[in-house]
Amino acid sequence: MDFAPGTEVRVKDDWPETRGPCHIRTPHYVRGQRGRILRRLGAFPNPEDLAFARPAPTRALYHVLFDETALFPDSRQGDDLLVELFEHWLELA
Amino acid sequence: MDQDNPRAHHDMGGVPRYACEPVDIAPHSLSDFDKEVDALRQVLGLKGVMTVDELRRGIESIPEAEYHRLSYYQRWIRSITDTLLRKGFITEDELRAALEAP
């Protein structure tokens with residue numbers, strides 16, 4: 001699925017590390033959180049496969065913007081947090 | 001943030017334990033060991049032996065106590081060694097012999 005800039009998304013509330021060896025680049029603090037697509041950064045071989053020397057299909061990578069106070073209550077009001085996330089971690093909010 | 005799910009020990013962004021610690025932003029020099037490990041990783045990447053993603057996976061699978069005890073580049077060489085052993089590029093006997101060589 002292709003996400004246009006401005007699209008409201010939710011990061012999948014998925015915890016592969018509880019199911020066995022894995023390498024994921026989606027930080028724990030954004031799982032299940034709502035964010036907004038800022039831009040598409042390109043498409044890259046999936047690091048989750050590269051990490052195990054498996055054939056790695058290309059996946060789109062996005063800059064996703066989060067309201068930082070939703071992630072960390074002690075943050076300053078109005079602060080944003082920008083995270084690079086692969087498409088397979090995102091779904092429409 | 002889902003507090004019910006255990007994060008992996010390397011996934012420490014936003015962990016309250018570090019929130020009150022000042023960040024050391026002073027430039028620090030690299031030791032000869034650090035530079036050698038970095039060079040080795042680059043050669044292994046160029047030769048197609050291992051990717052940076054495999055390096056990261058190997059670093060993340062270092063047991064927690066050891067992970068925190070090792071320096072940045074010590075984690076790298078630990079991951080590189082584990083990867084080379086697992087893929088059969090080197091054997092444990094060869095590694096032991098090289099480490100024991102004068």
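Which residue is the bridge partner of Arg10(A) in S5(A)? In this predicted model, the bridge partner of Arg10(A) in S5(A) is Glu91(A), and the legends below begin with the strand that carries Arg10(A).

**View 1. Strand S1 of chain A and its two antiparallel neighbours.** Strand S1(A), residues 8-11, is joined by three bridges to strand S2(A), residues 34-45, and the two run antiparallel. Three bridges also join S1(A) to strand S5(A), residues 90-92, again in an antiparallel arrangement. Arg10(A) takes part on both sides, standing opposite Arg34(A) in S2(A) and having Glu91(A) as its bridge partner in S5(A).

**View 2. The two faces of strand S1 of chain A.** In a regular strand the side chains alternate between the two faces of the sheet.

**View 3. The contact between chains A and B.** Across this interface, 18 residues of chain A are in contact with 16 residues of chain B. On the side of chain A that touches chain B, the residues divide into 11 nonpolar, four polar and three charged.

**View 4. Chain B as a whole, with six helices and zero strands.** From the N terminus on, the elements of chain B run α-α-α-α-α-α. Its radius of gyration is 16 Å, well over the 13 Å that the globule rule gives for 102 residues, so chain B is more spread out than a compact globule. The C-alpha atoms of chain B fill a box of roughly 45 × 35 × 30 Å along the principal axes, and buried residues make up 13% of its 102 residues. Among the contacts in chain B with a separation of 6 or more, 55% come from residues 24 or more positions apart.

**View 5. The surroundings of helix H3 of chain B.** In H3(B), residues 52-60, the buried residues are Asp53(B), Glu54(B), Leu55(B), Arg57(B), Gly58(B) and Glu60(B). These buried residues pack against helix H1 (47-50) of chain A, as well as against helix H2 (32-46) and helix H5 (72-87) of chain B.

**View 6. The packing of helices H3 and H5 of chain B.** The two helices pack at an angle of about 105 degrees, with their axes 8 Å apart, and H3(B) and H5(B) are therefore roughly perpendicular to each other. From H3(B), Glu54(B), Leu55(B), Gly58(B) and Ile59(B) meet Arg75(B), Trp76(B), Ser79(B), Ile80(B), Asp82(B) and Thr83(B) of H5(B). By class, this contact of H3(B) with H5(B) has four nonpolar, three polar and three charged residues.

Conventions:
Residues numbered from 1 in each chain as written. Chains lettered and ligands numbered in written order. Predicted model: local features only at pLDDT ≥ 70, side-chain atom pairs only at ≥ 80, totals over all residues. Buried ≥ 20, exposed ≤ 12 C-beta atoms within 10 Å, placed from the backbone. Helix = DSSP H or I, 4+ residues; strand = E, 2+ residues; numbered from the N terminus. Contact = placed C-beta atoms within 7 Å. Nonpolar A, V, L, I, M, F, W, Y, C, P; charged D, E, K, R; others polar. Pairing = 2+ DSSP bridges. Rg over C-alpha atoms; globule rule 2.2 N^0.38 Å. Axes fitted to C-alpha atoms, helices over the stretch in contact; angles between N-to-C directions. Parallel < 35°, antiparallel > 145°, perpendicular 65-115°, else oblique.
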